[in-house]
Amino acid sequence: MLHIDANIFWTVVNLLILFIILRIFLFKPVLGMIEKRKKMIMDTLSNADKTKNDADELKKQYEDSLKDAKQESFRIVSDAKDRAQVQYNQIIEKANADASQIVGQANAAAQAEHDKILKDARAELAEVALAAASKLLGTTVDAKTNKDMLDAFLAEAGDAK
């Protein structure tokens, strides 16, 4: 039969008492600390996720703002180019109009100068012709006759033109 020694009995009782004492004084506080630590880690991870989500949202807002700013800058540059082109066209049109006006004035002045030179040349030619006629005739004629001859000469010179 089985023989149970008293030392074995007391060893088992001591082990049971030791297990109960360890469970009360060691395992429960350690498990409590582990639970607290686990809860703290879970809270930290939750906060980290929340912070990451907030950062992602801020990053998205920043990127949207940056995109809007780029679009706005492109629009401003495009508007400035359009205004510059309009102003350029106005300046060119004004310069062309001024140039046309200056050319017109120059042509008018040249025509007036041409007419004046032609008139002066005719008058001088008429005087030379009268002087030549006077020498051929050998006599001087009065002013009225000179004027009549001059008008007749100029009329013929105008017809020959």
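Analyst: In this predicted model, a network of salt bridges links Glu-72, Arg-75 and Asp-79.

User: What makes the contact between Glu-72 and Arg-75 a salt bridge?

Analyst: The criterion is a side-chain nitrogen of Lys or Arg within 4 Å of a carboxyl oxygen of Asp or Glu. The N to O distance between Glu-72 and Arg-75 is 2.3 Å, so the pair qualifies. Glu-72 and Arg-75 are 3 residues apart in helix H1, which means a separation of about one helical turn.

User: Why is Arg-75 called partly exposed?

Analyst: Partly exposed covers the range between under 20% (buried) and over 50% (exposed). Arg-75 has a relative accessible area of 42% and is therefore partly exposed. Glu-72, at 36%, is likewise partly exposed.

User: How do you know that Lys-94 is exposed, whereas Asp-98 is partly exposed?

Analyst: Exposed requires over 50% relative accessible area. Lys-94 has 52%, so the term exposed applies; Asp-98 has 31% and is therefore partly exposed. Their side chains meet in a salt bridge of 3.1 Å, N to O, and both residues lie in helix H1, 4 residues apart.

Methods:
Residues are numbered from 1 along each chain as its sequence is written. This is a predicted model: local features need pLDDT of at least 70, side-chain atom pairs count only at pLDDT 80 or more; totals for chains, interfaces and linings use all residues. Side-chain values use heavy atoms; hydrogens and water are left out. Helices (H or I, at least four residues) and strands (E, at least two) are DSSP runs, numbered from the N terminus. Buried means under 20% relative accessible area, exposed over 50%, partly exposed in between (1.4 Å probe, protein chains only).
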